[in-house]
Amino acid sequence: MHEYGVTESIIRIVEDKAKEAGVTKVTSIHIVVGALTGFVPDCIRFYYDTMSKNTIAEGATLEFEELPLRLRCRSCADVFEPITREWKCPACGAPEIDIEGGRELYIKEMEVS
Ligand SMILES: [Zn+2]
């Protein structure tokens, strides 16, 4: 249910930006979501429909760009997407891994009219 809070933030950011820019209607919002965030786009859409009522952002189309989990090997700096739950470098086999991507959550762009 943490999508509720996220949707609230998305709407707040969109409203602020729209006001800043003197825009009265937002037609679409492009949101980037990393796999590690666990956020379900359909769930955000569901809340959005209700929560955006009577705001500048009401009726805007939500477009999601989902980014995969990406890991980086500490030994050879290889960046890869893990296929199994075992986080091990496919290039050199080292088990020391850092998270390179997948935690993203941000509004990439908005279309307004
Ligand atoms: Zn490696």
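**A loop and its surroundings**

Author: Ala77 is found in the loop between E3 and strand E4 (79-80); strands (E, at least two residues) and helices (H or I, at least four) are DSSP runs, numbered from the N terminus. The model is a predicted one, in which local features need pLDDT of at least 70 and side-chain atom pairs count only at pLDDT 80 or more, while totals for chains, interfaces and linings use all residues. Residue numbers start from 1 along each chain as its sequence is written.

The backbone of Ala77 has a phi near 65°, a positive value in a residue other than glycine. Most residues other than glycine have a negative phi. Ala77 has 12 other C-beta atoms within 10 Å, so Ala77 is exposed. The cut-offs are these: a residue is buried with 20 or more other C-beta atoms within 10 Å of its own, exposed with 12 or fewer, and partly exposed in between, the C-beta atoms being placed from the backbone.

Ser75 lies in the loop between E3 and E4 as well. With 13 C-beta neighbours inside 10 Å, Ser75 counts as partly exposed. Setting aside residues up to four places away in sequence, Ser75 touches Cys89, Cys92, Ala94 and Glu96; two residues are in contact if their C-beta atoms, placed from the backbone, lie within 7 Å. For the pair Ser75 and Glu96, the C-alpha atoms are 7.3 Å apart in space and the residues are 21 apart in sequence.

Arg72 takes us back into strand E3, which covers residues 70-73. Arg72 has 16 C-beta neighbours inside 10 Å and therefore counts as partly exposed. Ala77 is one of the residues that Arg72 touches, along with Val79, Ile97, Asp98 and Glu100, when residues up to four places away in sequence are not counted. Lys88 is 16 residues from Arg72 along the chain, and their C-alpha atoms are separated by 9.6 Å.

A positive phi turns up at Asn54 too, again near 65° and in a residue other than glycine. Asn54 sits in the loop between H2 and strand E2 (61-67). Asn54 is exposed, with 7 other C-beta atoms within 10 Å.

Helix H2 (residues 41-51) leads on to helix H1 (residues 3-20): their axes come within 9 Å and cross at roughly 55°. Axes here are lines fitted to C-alpha atoms, for helices over the stretch in contact, and angles run from 0 to 180 degrees between N-to-C directions. H1 and H2 are therefore oblique to each other, given that angles under 35 degrees count as roughly parallel, over 145 as roughly antiparallel, 65 to 115 as roughly perpendicular and the rest as oblique. The crossing of H1 past H2 is right-handed, meaning that the near helix is turned clockwise from the far one by less than a right angle. On the H1 side the contact is made by Glu3, Tyr4, Val6, Thr7, Glu8 and Ile11, and on the H2 side by Cys43, Ile44, Tyr47, Tyr48 and Met51. These residues divide into eight nonpolar, one polar and two charged. In that count Ala, Val, Leu, Ile, Met, Phe, Trp, Tyr, Cys and Pro are nonpolar, Asp, Glu, Lys and Arg are charged, and the others, Gly among them, are polar.

Ile11 belongs to the largest nonpolar core as well, which has nine residues: Ile10, Ile11, Val14, Val26, Ile29, Ile31, Val33, Ala57 and Ala60. Such a core is a set of buried Ala, Val, Leu, Ile, Met, Phe, Trp, Tyr and Cys residues joined through C-beta atoms within 7 Å. H1 and strand E1 (26-34) each supply at least two residues, and E1 gives the most, with four.

Val14, in helix H1, has 22 C-beta neighbours inside 10 Å and so counts as buried. Beyond its neighbours within four places in sequence, Val14 is in contact with Val26, Ile29, Ala57, Ile107 and Met110. Ile29, on the same terms, touches Val14, Ala60, Leu62, Ile107 and Met110.

Thr27 lies in strand E1 and, with 13 C-beta neighbours inside 10 Å, counts as partly exposed. Apart from residues up to four places away in sequence, Thr27 touches Ala60, Thr61, Glu111, Val112 and Ser113.
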